[in-house]
Amino acid sequence: QVQLVESGGGLVQSGGSLRLSCAASEITPIRFSFYAMGWYRQAPGKQRELVASITQGGSTNYADSVKGRFAISRDNAKKTVYLEMNSLKPEDTAVYYCNAKKPKADYWGQGTQVTVSS
């Protein structure tokens, strides 16, 4: 069972930056590299939405609302995926979740709160 632990959330002013990390455990670096990784977020009263994803090969995909502001990356040796968030806006306020996915396997972290004040 893969365990995912997010960190790096917090309170930041509009225009500020945060870097989220998601560390995987109970898995080897090689097996971690087999997973596509993603960051999702869920704001109060809204559905969970995909923010950014990165494939096993390093290809990235972003929600239109964060393109040019957020960057996802992964370090397979450290079994960690990152989300660099810049030019944050109040509408980015949400709980951010890390996801690891491959055929027949889908794991989620517990989430980290990001709050952007105006």
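In the predicted model, an open sheet is built from 4 strands in the order β1-β3-β8-β7, with antiparallel pairing (strands are DSSP E runs of at least two residues, numbered from the N terminus; two strands pair if DSSP finds at least two bridges between them). β1 (3-7) and β7 (70-75) lie at the edges with a single partner strand each, so one side of each has no neighbour in the sheet. Within the sheet, strand β3 (residues 18-25) and strand β8 (residues 80-85) are joined in the antiparallel sense over 6 bridges, and C22 has V81 as its bridge partner in β8. Residues are numbered from 1 along each chain as its sequence is written. Local features need pLDDT of at least 70 and side-chain atom pairs pLDDT 80 or more, whereas totals for chains, interfaces and linings use all residues; side-chain values use heavy atoms, without hydrogens and water.

Beyond its neighbours within four places in sequence, M37 is in contact (heavy atoms within 4.5 Å) with residues including L4, F32, I54, I72, V81 and C98.

Of the 118 residues of the protein, 43% count as buried. The C-alpha trace spans about 40 × 25 × 20 Å along its principal axes.

Technical notes: Buried means under 20% relative accessible area, exposed over 50%, partly exposed in between (1.4 Å probe, protein chains only).
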